[in-house]
Amino acid sequence: MPQAHAADSATGLDPQELEGLFRDHHARMLQAAWRVTGSLEDAEDVLQTVFVRLSTRSDRPDLSRSPGAYLHRAAVNAALDVVRARSSAANEHAVEGMEERIAGGPRDAPDRTVRQRELRQRLRRAIGELSPKAAEVFVLKHFEGYSNRDIARMLAMSNTSVGVTLHRARQRLQELLDPTGEGSAP
Amino acid sequence: MNARRDGEPLDIDRVAEEIRQDQLDDATVTASADRVWRRLAEGWDVDPGEAGHRPLRTRQDYEALVDEYVQGRLSPGRRALVEEYARENPDFRKRLERARRGDVAAPAAPGARPTPTAPRSRRAPRWWLAGSAVAAAVLVAVALVAFYGGAGSGELPRFVGADGPAYLLTDGGPRLLDAGDAIPEDGVVRTSRNGGAFVELPDGSVVELGERTELGVDEARRGTTVDLDRGRVIVEAAEQRTGRLFVATDDSVVSVTGTVFSVNSGRKGSRVSVLEGEVRVDHGGRTDILRPGQQLATDPRLQPVALEEEVAWSRNAERHLAMLSELIDVGREVQDELERTRPRHASPLLELVPEDAVVYAAVPNLSGNVERAYTTFLDGVSSSPVLSEWWHDSVASEGTDARIEEVVDEVARLGSYLGEELVVTLSAPTGGDEPPSGLVMARATDAAGLRRHVGERLATLREESGGGELPLRLIDDPTALSDGSDALAVWVADDLVAASWEPGALRDLARRRAGGGAAGPGGAFRERIEHAYEEGVEWLMALDVATLTEEIRNAAAEQGRDPARASATLRLLGLETAETVITERKSTAVGTSHRASIDFSGRRTGLASLLAAPAPIGAMEMLSPETSTAVAAALREPTDVAREMIALLDELFPGFSEELDRLEREQGVRIVEDLARPLGGDMAFALDGPMLPVPAWKLAIEVYDPERLQRTIETIVGRIDAALAARLDGGIRVTVQPTTVRSRPAWTIGPEAGSPVVAYTFIDGYLLAVPGRGHLERALRYHDAGARFVDTERFDELLPEDGHVHVSALVFQDLGERLGGLIQAAGSSVDLSEREQHLIGLLEDKLSASLLVAYAKEDRITLSTTTPSDKVGMDVAGTLGLLGNVRRGGLADLLRGSAGRGSLEVR
């Protein structure tokens, strides 16, 4: 669990500003982190990490245009860091366990729900193997529902680059999830 | 899209959609927020009791802030949230407006709770503390006007009716739509399979939805936007009183003020077709104006389809098509212009080309395009405030616009008298300093009209010049033309117009036309041109290299130099047996194709013989997916090439071989045996990896005898070291150091004390050299992981679609990718303005990757590249400089330059 650092050593945002940002944006950030990590515990860590980073930044981030979009993106990226860091089987087991707990417990869950959860975790693991940029674009598009135009604006990319990145991310995911190509749609 | 690993197939789209739908419930979010906030507050030493407990989630949460908002008591962040929520929720927006007007008695939305007694932040906003009530009221009023002042009529789009079931998707879930239902701003209309629907917008525009189409409508100050998520629509846009109507897809925005058009949007991109009026399409950083009958696809992979086909699904197809048929009559000029750019499969002018022509260029008659380009340009100017200002201040105010228009009109008018093709020929000079003879020809479609028009123009010019001699004269009979005039003579015959500065050229043309003399050029030159026409010509430039090289030899002889040396130079360059060069530019389904081919009368020699026949280039497999620029080639046997080059140089510079022998003995390295013999048949050089701090170059050369090559390298470096030691008094020692990288023997070359300049190893039969140990480690990691550039999609998709399995050489560049990489490398240390980021985005997008490939046969080398239609890429003709300006004296300059002092020095 990340530890909060004292904010008075930083020259960025003061605790009151951080407090306002937290109050206004935590729900959206937590939801995004939960979708990316599949774990409530990890999502809380992500939320905390983003605010700790904000408080310890020596420079002041530009939040004037859309603090919501900035923090949302920060949460997505921090959540992707978590997904990438998961490598040990034990860790994955713990993650799947967390999702089961939130969803109502494995014993109550019908087989279909268990399968669904397993598929989601496989997709998350595969996203963790994409390049950081591709993973971010994929998550913003498919988990967070942004349009290509919005993503292009957020990431200062061209629409075409977003389209190409998405296309390649999907191809890579397909390779990662089905290296034999057996399951490819006709 | 299904994927499988262990277990059942995984439908990526479906699973991602499930994840997207995942929502934590409010209680979980609140509990989590509490936990995180407590941990953070502890670290920041603030009171955890107040924050984190007033999340804005429901309508009620926002309702509770209306009074504080109107009174200007909200923090800037919270105020922005309320405004954002109001933008997305028209009902709430109205509620805010009512409150602003002071209509406090207006009932709040159902379920709204009473305004809480200011559980305000402990730090009240400073601007509020400092400001007066009047200032706050003004600010609020300004904010409201800015956000909502110009927004729409307040009415909502309405669902008119459908063939099959159509649904409204909102946060509350899907529901079946009935005729007359309003479509809220956050709602999405979805049609079913085989179904279709109509939606009427508040301004009276009607949007027809095809099957499985999804769209939302957004009313904003600048106009109404139809967000087409997928599927196809036909929009009958009403005349817009203010603002515009937009249709936005993932990769384009179509904007109109009143017209009928269709938009079809899918995974591959969008296709926009115009039936009536004019639309503006912004896509991929560029803007196009479309007029009736025109179509645009945002992705070259989307093939154009007939407009009839594009609207056939509509319930109003018959009406649209009837209208289209009328528009096709009206838009005949547009059709004519499209036809003019079609490939031409024969040229009646070829028979009239001088027998001794060495340059033949055929270009389409673009006069109509000039006029259209000018109109499009003016449209662009008028739609851009910046350009409008520039145009008005710098061009229109000086009256220049009228003159430009006059020139454009003149070009268009002249062009209208001419056939579809203009042919320019140059004949080799007959000797001495005489300039080459140039001739321009075109078919005259209206000779009488052209003669009259040019005559009138000349009369006007003569009058304006006070009766002086004009640089252009119109003639009726070239045989009566006398020599010694500098004016351009224009001869208009019944079906032909020709112009030349050389009276003789027009006299010869008249003889050929009358049936006397040879009909056009002959031999291989003629054959190649005819062959090009068989395959279809758009832009063509043919050079008779055989005659040109003969002229070079003759020029050398005339100037008293040795013709044998001239031949040797030509052989070294590979031009001695070259017969023709043909460069072509053609439109294809995906863009513009450029091709150049050099034909030889026999075996290629000298530099032209370096390339081997198309073969697998194994060195390419040493390049990683990070490659941004690469040159690779399959080469002839290196010892043969080395021997031939030495022999040719010896012929050119007598005593060269003896001097080389002496040097070889002195240095202990033999060019053929020690350097060429260990090498194999292919090589690649690339920029492969980061550009900073040192550009990550990579060299891969096939090696048959690594031990011998290693000895050669050590000898050469030893000699360099000795030379440096002698010159710098032992200041710098350069050495070859053995090392191990990823368990492989490797070597570094560089100063004894300092970072190596080169690191290399021998792997899979190749020498792999890079600028340092770290780079070698990285290259081998890619190699061991099997990650190769040749397997990447960006390389694969550029390979030309032809019958060749292999190539002889290729040049790849992906400047856009490199630019993006540099920007990323610069990272946050560089603060780029929004405009700079936009421009970089445009550049990144425009500078698309391109691939130039070469195929070498025994008697021909062909270069080919295709540039997507909306990109900047490589242009073979441009690269070779062969389609430059053809002007009087140009060839003479070329020949004089090459014979006297240029790169083709002949003595």
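Which side chains meet in a salt bridge with 3.2 Å from N to O? Select E576(B) and R571(B): their side chains form that bridge. A salt bridge here is a side-chain nitrogen of Lys or Arg within 4 Å of a carboxyl oxygen of Asp or Glu. E576(B) is partly exposed, at 25% relative accessibility. The terms for exposure are buried (under 20% relative accessible area), exposed (over 50%) and partly exposed (in between), with a 1.4 Å probe and protein chains only.

Before moving on, some ground rules. This is a predicted model, in which local features need pLDDT of at least 70 and side-chain atom pairs count only at pLDDT 80 or more, while totals for chains, interfaces and linings use all residues. Residues are numbered from 1 along each chain as its sequence is written, chains are lettered from A and ligands numbered from 1 in the order in which they are written, and side-chain values use heavy atoms, with hydrogens and water left out.

**Chain A**

Along the sequence the pattern reads α-α-α-α-α-α-α-α.

Now switch to a surface. Chain A exposes about 8000 Å², and carbon and sulfur atoms supply 49% of that area; the areas come from the Shrake-Rupley method with a 1.4 Å probe, and for residues only the protein chains shown count as cover. Of its 186 residues, 56% are buried. A contact means heavy atoms within 4.5 Å. Among chain A contacts between residues at least 6 apart in sequence, 69% join residues at least 24 apart.

Side chains of opposite charge can pair when their charged atoms come close. Over all chains, the structure holds 50 salt bridges.

Select R733(B) and D721(B), a salt bridge whose closest N and O atoms are 2.6 Å apart. R733(B) lies in the loop between α23 (706-728) and β30 (734-741) of chain B and D721(B) lies in helix α23, so the pair ties together parts 12 residues apart in sequence. D721(B) is buried at 8% relative accessibility, whereas R733(B) is partly exposed at 39%.

Next, select R230(B) and E214(B), where the closest N and O atoms of the salt bridge are 3.6 Å apart. R230(B) sits in strand β10 (residues 223-236) and E214(B) in strand β9 (residues 214-220), 16 residues apart. R230(B) is partly exposed, at 37%; E214(B) is buried, at 12%.

Finally, select R643(B), E673(B), R677(B), D705(B) and R708(B), which are linked in a network of salt bridges.

Methods: Helices (H or I, at least four residues) and strands (E, at least two) are DSSP runs, numbered from the N terminus.
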